[in-house]
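Please keep the sequence and the coordinates in view while reading.

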Amino acid sequence: MEMIHTLLDSLGHLSPITLFLSITLITAGKSTIGISSFLPPASLMLIFIFGACLPLYSPIFLWLATSCGALLGSIISYELGRSIYRFPRLKAWVKRYQSKINRVQQLLKNKTLYILFISRFLAVFRYLTPFSAGLLKLPTYGIYITSAISALIWSAMFVLIATGVLSIAL
């Protein structure tokens, strides 16, 4: 319990720029293939951070940092998917997710933007879907716009939960 209090206290003493960059990088990590597996669940991390920071920072500040990170993570995953053909060593890395990637690619061929939007709200698919879209070399413009819209809504949900405006019954 003491460790949690220390962590909460240290979050309150970060400069706004440091906190913004930290939240952006954490959220980008949770939205990037290969990094997300090493971090705790996004929902727990973000609600914990928001709970600690909301007394000191605006919800809009936290929403913007989270949205930037979520979009950055989707862009990185998409670009990694596109670049895999240039780096043969990465192909072996993809085999870990191959069955899920095949399923996502099949869905993407039929309803690209809809699937990309919905995947933001599903843990593993948050990074696999943009990655698969990159593998399929789907048009960048539509992927980026859809990722931005879903990131804005996804991060708004976490801010609304942390502020108590939105509640989740378990």
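Rings of Phe, Tyr and Trp (its six-membered ring) are taken to pair if their centres lie within 6.5 Å, and a pair is stacked with planes under 30 degrees apart, edge-to-face over 60 and tilted for the rest. By this rule the count is five aromatic pairs. In one of them, Tyr-57 and Phe-61 are stacked, at 5.2 Å centre to centre and with 20 degrees between the planes. Ring pairs also join Phe-20, Tyr-57 and Phe-61 into a cluster. The pair of Tyr-78 and Tyr-144 is edge-to-face, at 5.9 Å centre to centre and 80 degrees between the planes. Tyr-78 belongs to helix 4 and Tyr-144 to helix 8, 66 residues apart, and the pair thus links distant parts of the chain. Tyr-78 is buried, with a relative accessible area of 0%, whereas Tyr-144 is partly exposed at 26%; buried means under 20%, exposed over 50% and partly exposed in between (1.4 Å probe, protein chains only).

The model is predicted; local features need pLDDT of at least 70, side-chain atom pairs count only at pLDDT 80 or more, and totals for chains, interfaces and linings use all residues. Residues are numbered from 1 along each chain as its sequence is written, and side-chain values use heavy atoms, with hydrogens and water left out. The mean pLDDT (the predictor's confidence in each residue, from 0 to 100) of the chain is 82, and 86% of its residues reach 70 or more. Confidence is lowest in helix 1 (residues 2–12), with a mean of 64, and highest in helix 4, at 92.

Helices here are DSSP runs (H or I, at least four residues), numbered from the N terminus. Helix 8 (residues 140–163) reaches 34 Å from its first C-alpha to its last, close to the 34 Å expected at 1.5 Å a residue; the expected span is 1.5 Å times one less than the number of residues.

A nonpolar core is a set of buried Ala, Val, Leu, Ile, Met, Phe, Trp, Tyr and Cys residues joined through side-chain atoms within 4.5 Å. The largest has 16 residues, of which Leu-19, Ile-23, Phe-50, Cys-53, Leu-62 and Trp-154 touch the most other members. Helix 2, helix 3, helix 4 and helix 8 each supply at least two residues of this core, and helix 3 gives the most, with five.
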